[in-house]
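Subject: Structure for your study

Dear colleague,

Please find below the structure that I am handing over to you. My notes on what was found in it follow directly after.

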Amino acid sequence: MTTTFTDHELIERETWRYAVKRFDPSRAISANDWATLEAALVLSPSSYGLQPYHFVVVDDVALRARLTTASYGQPQIATCSRFVVFAIHTNMDVAHIDRFLARTAQIRKVTVESLAAYRQVMVDDLINGPRHAWIDHWSARQAYIALGNLLTSAATLGIDTCPMEGFDPKQYDQILNLSARGLNAVAACALGYRSADDQHAHEPKVRFAAADLIEHR
């Protein structure tokens, strides 16, 4: 598959991206671009392909106001074009695995029975294995992969973002009625277009040198 982005353009987009502090509330993400970003979320990779997460797109003004309060007053929530809460399915169980396998059988036109060996691998690892003791942390890691994919996808389209952890998860769960549905909020992301007066847009990006982060053996 060829790409319309050159190597230089990709790095330029990554350099352009930053955690926006002030969004322009008058600018909205187009319906087409938002549909593309939702598709990118769905296409995000996850361990075993299990997708142990749920994305809540919060458009309601009143809900956003309550989430702002639960986020220590951060203004991005109210002023961004779209706000996404990343939640995980708590306490991964066999039922989730079986639901995923039923979907796999449907899409790939195979029988569920033919996936029995794959099912056993997942059950032995995530349900019966030692990883189950910290399964919610495992699920959160998968959600963060999706968050990273959203950030890169948005930057590719020239759409600004601000990934967020600075909120009270228990309040988010209560406001969005997540806990009652077996879900917990772990991260969020505001998306839209930076305000012209966001001074952070002009600050150089600070990263360690590649030699400090990347090792070749």
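Is Asp59 buried, partly exposed or exposed? With a relative accessible area of 41%, Asp59 is partly exposed; buried means under 20% relative accessible area, exposed means over 50%, and partly exposed is in between, with a 1.4 Å probe and protein chains only.

Two remarks on the basis of these notes come next. This is a predicted model, in which local features need pLDDT of at least 70 and side-chain atom pairs count only at pLDDT 80 or more, while totals for chains, interfaces and linings use all residues. Residues are numbered from 1 along each chain as its sequence is written, and side-chain values use heavy atoms, with hydrogens and water left out.

Salt bridges

Side chains of opposite charge can pair when their charged atoms come close. A salt bridge is counted here when a side-chain nitrogen of Lys or Arg is within 4 Å of a carboxyl oxygen of Asp or Glu. The count by this rule is seven.

One of them joins the side chains of Asp59 and Arg82, at 2.9 Å from N to O. This pair links distant parts of the chain, 23 residues apart: Asp59 is in the loop between strand E1 and helix H3 (61-69), and Arg82 is in strand E2 (residues 82-89). Helices (H or I, at least four residues) and strands (E, at least two) are DSSP runs, numbered from the N terminus.

Another salt bridge is formed by Arg131 and Asp125, whose closest N and O atoms are 2.5 Å apart. Arg131 is partly exposed at 25% relative accessible area, whereas Asp125 counts as buried at 17%. Salt bridges that share partners also join Asp59, Arg64 and Arg82 into one network.

A further pair is Asp197 and Arg22, with 3.2 Å between the closest N and O atoms. These two residues are 175 residues apart and link distant parts of the chain: Asp197 lies in the loop between E4 and helix H9 (210-213), and Arg22 in the loop between helix H1 (7-16) and H2. Asp197 is partly exposed, at 47% relative accessibility, and Arg22 is partly exposed too, at 45%.

Helix H3

Which residues of H3 are buried? They are Arg64, Leu67 and Thr68. Because these residues cover an arc of only 105 degrees around the axis, they are on the same side of H3; the arc is that of the directions from the helix axis to the C-beta atoms. An α-helix has 3.6 residues a turn, so residues three or four places apart point the same way. The buried residues of H3 are covered by elements including helix H4 (76-79), E2 and H8.

At the start of H3, a side-chain oxygen of Asp60 comes to within 3.1 Å of the backbone nitrogen of Ala62.

The sheet

Four strands form an open, antiparallel sheet in the order E1-E2-E4-E3; two strands pair if DSSP finds at least two bridges between them. E1 and strand E3 (160-164) stand at the edges with a single partner strand each, so one side of each has no neighbour in the sheet. Between E2 and E4, the antiparallel pairing runs over eight bridges. Val85 stands opposite Ala188 in E4.

Lys205 and its surroundings

Lys205 lies in the loop between E4 and H9 and is partly exposed, with a relative accessible area of 32%. Leaving aside residues up to four places away in sequence, Lys205 touches Glu14, Thr15, Arg17 and Tyr18, where contact means heavy atoms within 4.5 Å. A polar atom of the Lys205 side chain lies 2.4 Å from the backbone oxygen of Arg17.

Two residues with positive phi

Tyr48 has a phi near 65 degrees, a positive value in a residue other than glycine. Tyr48 is in the loop between helix H2 (31-42) and strand E1 (53-57), and counts as partly exposed at 23% relative accessibility. Asn177, likewise not a glycine, has a positive phi near 55 degrees. Asn177 is found in the loop between helix H8 (169-175) and strand E4 (183-192) and is partly exposed, with a relative accessible area of 44%.

Yours sincerely,
A colleague

Methods. A polar contact is a pair of N or O atoms within 3.5 Å; within protein, one must be able to donate a hydrogen and the other to accept it, and residues adjacent in sequence count only if both atoms are side-chain atoms.
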